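Here are my notes on this structure, point by point. Please keep the model open while reading.

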Amino acid sequence: MSQANLAEKKAVELPGVHARTSTTKLCKAKAIASKIGLVALAIFASTYIIKTPLNGIPTGNLKHGADLCPQADELVPEKNGAIWESIGHTYGTDEFKTRAVDWLGGAVRIPTETSDDMGDVTEPVWKKFLPLHDYLKESFPLLHTNLQLTKVNTYGLFHSSSPLIKANVVPVLETTIGEWQHPPFSGYFDGEKIWGRGSCDDKSGVIGIMSAIETMLESGFKPTRTVVIASGFDEEVSGLRGAGSLATEMLERFGENAFTMLVDEGPGYGEVYGRVIAGPAIGEKGSLNVRIKVTSPGGHSSLPPPHTSIGMLAELLVQYEKHPFEVHLTRGSPTYRNIQCMAQHAPGVSPSLKKHMLRAEHCDRALRAAEKELFEDRGFMSLVGTTQAINLVEGGVKVNALPEQAWAVVDHRISTESSLATTRARDIKLLESLANDFNLSYTAFGTHISNADAPSYGTLTLSDAFVEGLEPSPVTPSGQDAAPFQLLSGTIKTTYNSHRNISGSDAIIVSPSIKGGNTDTRFYWKLTDHIFRYGHLEGTSGGGIASGVHTVNEAIPVNTFIERIRFFTTLILNVDESSLP
């Protein structure tokens with residue numbers, strides 16, 4: 001389908017995309033932020049307001065005409081159409097491939113590893129980011145000429161007039177260097193892939209966005225919206241110094257809910273059940289690490305009590321593993337929405353699951369039947385519910401000494417349908433009977449559960465380990481009336497099709513999903529109700545991880561990297577020509 005025809009369809013499907021209004025004052029402007037871990041691209045623009053259903057939606061092969069997962073059509077830039085087509089041609093040339101390899105390879109060759117024990121930004125170890133700052137300024141001169149740069153907390157970069165991206169990477173262990181096909185900081189290009197730490201996660205995000213903006217500026221693009229890039233530097237170690245500081249800066253400048261949407265790092269697209277599906281995550285699980293600590297009298301091991309601290313702790317941990325959280329598929333949840341899309345559009349889904357999901361919206365029995373079939377996959381079951389894993393344990397100091405204390409840490413990933421309070425309350429109740437059996441004075445999260453004055457043999461204490469727990473993220477709207485999700489969906493489809501020189505809105509299906517881990521977007525929750533975790537990397541749909549990420553032989557095909565640049569380009573152009581409500 002030609003660009004002109006697609007633009008004509010877009011005029012019908014997205015009312016108001018052509019209309020222009022004068023820019024409002026900065027404090028009232030809406031914005032879009034595209035975050036890939038540590039460079040925040042925020043383009044001030046309005047939310048698309050979709051007042052009518054999208055046309056041409058495929059209904060898959062479900063009976064009765066049910067449309068469980070309606071699809072947006074391709075969204076091709078119109079006002080910026082000439083620039084989009086010109087840049088699209090440029091992205092297909094060997095000259096640009098060489099340029100893209102040089103841009104990303106150069107960034108990979110600058111080590112920016114982070115670890116948990118690096119201390120405050122005043123520590124010299126953080127200076128490793130300064131060469132990257134210089135490299136970005138040298139490599140993207142037009143971007144740095146046209147956007148005003150402010151440094152936040154020393155190493156955070158805030159370009160004002162563009163998506164949230166990370167420039168830090170996971171450390172490379174010295175003992176694994178020999179396992180790499182090419183040195184981890186070589187940025188080596190073998191004719192197909194660019195190799196090295198950060199090539200996927202997530203210097204391809206930082207460089208991808210900056211490459212897109214630099215190329216658009218070279219082509220004469222003049223944005224009608226203010227663009228903001230906020231680049232953090234410690235997402236791999238919680239993001240407190242980087243995103244935490246940048247979020248404060250952005251809130252001070254723009255206020256709460258000033259952004260239309262934010263695109264963070266997350267799943268990409270890939271074949272699932274025989275269909276190519278993109279899975280932007282519309283939520284993140286919460287997290288809670290609970291420390292279980294038992295104390296009891298010490299002494300010589302030749303005179304042992306019936307139960308030592310370690311023995312009692314062991315029984316408490318067995319209690320956890322005997323009683324996993326009850327898990328149910330909930331209507332409207334991100335995982336439910338994801339399975340609705342699979343059931344409608346993916347040919348590899350079993351006929352029985354298709355049948356159950358068709359009826360599940362209004363029939364509890366069908367919902368439970370779908371749940372039973374789906375939960376045969378423990379990975380999917382873990383995405384749906386709150387999980388627990390005993391990951392740390394310690395106790396005892398000497399083989400002939402009774403341990404005076406022992407502790408363990410249980411990691412919980414909290415369902416978007418639950419909360420910190422619910423998770424803590426369940427843990428408290430789970431261990432209460434054993435605390436009584438062992439005559440332990442029981443305190444949980446600062447509250448006495450047992451009678452504090454009653455005599456006891458020892459103590460049982462539950463507390464947050466290391467840091468406070470994190471609530472599940474707010475769930476981003478993703479229905480037909482959710483304009484930011486529709487804009488993102490149309491952009492994904494256009495990017496995928498244009499990169500392959502194909503057309504049609506059913507070449508790739510866009511499905512809401514959930515991210516099981518946590519990113520530093522938690523610092524940005526107050527900026528917008530529309531946060532998407534999406535990386536537009538092939539082979540990473542449904543929460544998958546690209547090859548080599550966080551381990552040896554991280555690499556990205558140059559074709560995949562160029563498509564990622566194309567995605568950012570299309571997103572920026574589509575947002576730029578959106579209209580204020």
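This is a predicted model: local features need pLDDT of at least 70, side-chain atom pairs count only at pLDDT 80 or more; totals for chains, interfaces and linings use all residues.

1. Two strands count as paired if DSSP finds at least two bridges between them. Strands β12 and β19 are joined by six bridges and run antiparallel.

2. Overall picture. The protein has 581 residues, and 55% of them are buried. It contains 15 helices and 23 strands. Its accessible surface is about 23900 Å², with 52% belonging to carbon and sulfur atoms.

3. The six-stranded sheet. Its strand order is β14-β16-β12-β19-β17-β18. The sheet is open, and its pairing is mixed. Strands β14 (387-395) and β18 (447-448) are the edges, each pairing on one side only. Helix α13 (residues 420-437) packs on this sheet. The helix touches β12 (286-295), β14, β16 (405-414), β17 and β19 (458-464). Its direction makes about 180 degrees with that of β17.

4. In β19 the partner is T461.

5. D464 and R424 form a salt bridge, with the closest N and O atoms 2.8 Å apart. D464 belongs to strand β19 and R424 to helix α13, and 40 residues separate them in the chain. D464 counts as partly exposed because its relative accessibility is 24%.

6. The three-stranded sheet. This is an open sheet too, with the order β9-β10-β20 and mixed pairing. Strands β9 (269-272) and β20 (509-510) have a single partner strand each, so one side of each lacks a neighbour in the sheet. Strand β10 (residues 275-278) runs antiparallel to β9, and four bridges join them. G270 faces I277 of β10.

7. A contact across sequence. S350 and Y273 are 77 residues apart in sequence, yet their C-alpha atoms are 9.3 Å apart in space. S350 sits in the loop between α9 (334-345) and α10 (351-360). Its relative accessibility is 24%, so S350 counts as partly exposed.

8. Other salt bridges. The count for the model comes to nine. One of them joins the side chains of E563 and R500, at 3.0 Å from N to O. E563 lies in helix α15 (residues 558-576) and R500 in helix α14, 63 residues away in the chain. Is E563 buried or exposed? E563 is buried, because its relative accessible area is 1% and the cut-off for buried is under 20%. R500, at 29% relative accessibility, is partly exposed.

9. R99 and E218. Their side chains meet in a salt bridge at 2.4 Å, N to O. R99 has a relative accessible area of 30% and is partly exposed. E218 is partly exposed as well, at 40%.

10. A nonpolar surface patch. L392, F466 and V467 form it, with about 310 Å² of accessible area together. V467 is in the loop between β19 and α14 (483-500). With 58% relative accessibility, V467 counts as exposed, because the cut-off for that class is over 50%.

Definitions and conventions
Residues are numbered from 1 along each chain as its sequence is written. Side-chain values use heavy atoms; hydrogens and water are left out. Helices (H or I, at least four residues) and strands (E, at least two) are DSSP runs, numbered from the N terminus. Contact means heavy atoms within 4.5 Å. Axes are lines fitted to C-alpha atoms, for helices over the stretch in contact, and angles run from 0 to 180 degrees between N-to-C directions. Patches are made of residues with over 30% relative accessible area and no salt bridge: like charges are joined within 9 Å, nonpolar side chains (Val, Leu, Ile, Met, Phe, Trp, Tyr) within 5 Å. Accessible areas come from the Shrake-Rupley method with a 1.4 Å probe; for residues, only the protein chains shown count as cover. A salt bridge is a side-chain nitrogen of Lys or Arg within 4 Å of a carboxyl oxygen of Asp or Glu. Buried means under 20% relative accessible area, exposed over 50%, partly exposed in between (1.4 Å probe, protein chains only).
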